[in-house]
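Have the structure on screen and follow the points in order.

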Amino acid sequence: MSKVVIALALCLTLLTSLPAMAADAEEQAQAAIDTRQGLLKVVVNYFGPIVGMARGQIPYDGDVVKNNAGKVAVLLPMIPDVFRKDTRDSGLETEALDKIWDNMSDFQAKTETATERALALAAATADGQEAAMKAFGALGAGCKGCHDDYRQQN
Amino acid sequence: MRWVRAVKAVTTTTANKTDPPAPIQGVTSRRNESEKQSQPAPKSLVWDLPTRLFHWLLVVCLAGSWITAEAGFDWTETHFLFGYTSLGLVVFRIIWGFIGPTHARFRSFIKGPAHIFNSARALLNRSPSTYIGHNPIGGWSTVLFLAVVAMQATTGLFISDDIFYAGPYNGIVSSATAGNLAGIHHLNFNLLQALVLIHLSAVIWYQWGKRTPLIKPMITGKKALTDEQMDNAITHNYLLRAVISGSVVAAAVVALVQFAPPPAPMSFF
């Protein structure tokens, strides 16, 4: 008798906790998405001023470019890390395409290329504005590599 | 300009100075063919110079914007210029559809279902087309082309590549809206490619399948017309009003993309 009661109680507990587990999974997926977007916003934080210099909105400053490019080179290798959590089945809103987890090695290779170009940009600041802006274009093309393939274009 | 005068001389003898609305043509008359064999028909002006210039400049802009879109960041600014020019061309063509010579006017080639049905029936047989300007299907494709190019150029004003470049009005829409418009820009381009492909197929079919020259008339403006079609030749290019309206449109586009937009947002701090 008591065994039956315990079994029933266990079943009931499991059944009622299923939605809670689902909610946990969703929360986790959402946290992963937030983290990814947060990281990319930090990348933009360092990338943005260089865009402003390229557009002539603010004066060129080689030291800022060197510093920011160095920070970007530190941040980019984190991208595959924060994308490790697979959110394909979460149904949550994200611009990250499912292909990322199908081609994780390519995704990683592309971030490595972009990282090298960020380092090249930091080095190019020694050769003056023109060289830096050329290296900056290459870095942007490196970013675009992933955006074209792995970011939703709607 | 000698040929303009020649055309004028021909049309004035038929006492028809103002461009009359084109009569319903379509299924009848194969005289074209037999006449061509007996003696070369005089070439009459059908496509005015501004319409032809519009056509070929649009070809350049569409090809150019495709190539520059694929070519990477160094070409983005050129891509923008092609887009702005396309926008201006479309606006000019719409205006020209009201103030241009007969065959450039929407009134002459926007036709109802009966005409569309007739031209659809004549589309696949191998006899030469008897239409002087656009046939009803071609007319509606012109409108479709204008709409699709307008959509392409307009959405381009609001979107960005996420990295370096942004259209002049990217700053006034939310990034979600910009993303949706970018989606339309990319999808609509496929539609545009399909339209171009259909257009080229139709031209090839008419030119060699139906033995109705279309390519040369779009270059020289002149077609061989039968005697009774002669009244529908146009007498002049309306160059003055083309230059005036073209300049106004060009100025408006420059104002739209260069002076009116809000300053690019500083997306950094």
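What percentage of the contacts in chain A with a separation of 6 or more comes from residues 24 or more positions apart?

1. The figure is 72%, counted over contacts in chain A with a separation of 6 or more. Please keep in mind throughout that this is a predicted model.

2. Chain A first. Along the principal axes, the C-alpha atoms of chain A fill a box of roughly 85 × 25 × 25 Å. As for burial, 25% of the 154 residues of chain A count as buried.

3. Now the inside. The largest nonpolar core has 28 residues, and those touching the most other members are Ile50(A), Ala69(A), Val72(A), Ala118(A), Leu121(A), Phe136(A) and Leu139(A). In chain A, the helices α1 (2-54), α2 (62-75), α5 (104-124) and α6 (129-150) each supply at least two residues of this core. The largest share, seven residues, is from α1(A). There is also a second, separate core of 15 residues, with Phe82(B), Phe92(B), Val149(B) and Ala153(B) among them. As background, nonpolar side chains in soluble globular proteins tend to be buried together.

4. Leaving aside residues up to four places away in sequence, Leu121(A) touches Val65(A), Ala69(A), Ala132(A), Ala135(A), Phe136(A) and Leu139(A). Several names come back when you look at α6(A), where the buried residues are Ala132(A), Ala135(A), Phe136(A), Leu139(A), Gly140(A), Gly142(A), Cys143(A) and Tyr150(A). How far apart are the end C-alpha atoms of α6(A)? They are 31 Å apart, which agrees with the 32 Å that 22 residues should span at 1.5 Å a residue.

5. You will find Asn103(A) in the loop between α4 (99-102) and α5 of chain A. Is Asn103(A) buried or partly exposed? Asn103(A) has 15 other C-beta atoms within 10 Å, so it is partly exposed. Asn103(A) and Tyr150(A) are 47 residues apart along the chain, yet their C-alpha atoms are separated by 9.5 Å.

6. On to chain B, which has ten helices and two strands. Read along the sequence, the pattern of chain B is α-α-β-α-α-α-α-α-α-α-β-α. Of its 269 residues, 29% count as buried. Where the two chains meet, 16 residues come from chain B and 15 residues from chain A. The side of chain B that touches chain A is made up of seven nonpolar, six polar and three charged residues.

7. Helix α3 (residues 49-70) of chain B has two contrasting sides. Its 22 residues reach 32 Å from the first C-alpha to the last, close to the 32 Å expected at 1.5 Å a residue. Buried in α3(B) are Pro50(B), Thr51(B), Phe54(B), Cys61(B), Leu62(B) and Ser65(B). Why do these count as being on the same side of α3(B)? Because they cover an arc of only 110° around the axis. On the other side of α3(B), the exposed residues are Trp56(B), Val59(B), Ala63(B) and Glu70(B). The buried residues of α3(B) pack against α4 (76-99) and α10 (239-259) of chain B. After α3(B) comes Gly72(B), with a positive phi near 95°.

8. Last, two backbone angles to check. Most residues other than glycine have a negative phi. Asp162(B), however, has a positive phi near 75°, and this residue lies in the loop between α7 (136-156) and α8 (175-209) of chain B. Asp162(B) counts as buried because it has 21 C-beta neighbours inside 10 Å. Tyr238(B) is not a glycine either, and its phi is positive at about 55°. The loop between β2 (222-224) and α10 of chain B holds Tyr238(B), which counts as buried with 20 C-beta neighbours inside 10 Å.

Note on methods:
Residues are numbered from 1 along each chain as its sequence is written. Chains are lettered from A and ligands numbered from 1 in the order in which they are written. This is a predicted model: local features need pLDDT of at least 70, side-chain atom pairs count only at pLDDT 80 or more; totals for chains, interfaces and linings use all residues. A residue is buried if 20 or more other C-beta atoms lie within 10 Å of its own, exposed if 12 or fewer, and partly exposed in between; C-beta atoms are placed from the backbone. Two residues are in contact if their C-beta atoms, placed from the backbone, lie within 7 Å. Ala, Val, Leu, Ile, Met, Phe, Trp, Tyr, Cys and Pro count as nonpolar, Asp, Glu, Lys and Arg as charged, and the others, Gly among them, as polar. A nonpolar core is a set of buried Ala, Val, Leu, Ile, Met, Phe, Trp, Tyr and Cys residues joined through C-beta atoms within 7 Å. Helices (H or I, at least four residues) and strands (E, at least two) are DSSP runs, numbered from the N terminus. The expected span of a helix is 1.5 Å times one less than its number of residues. The arc is that of the directions from the helix axis to the C-beta atoms.
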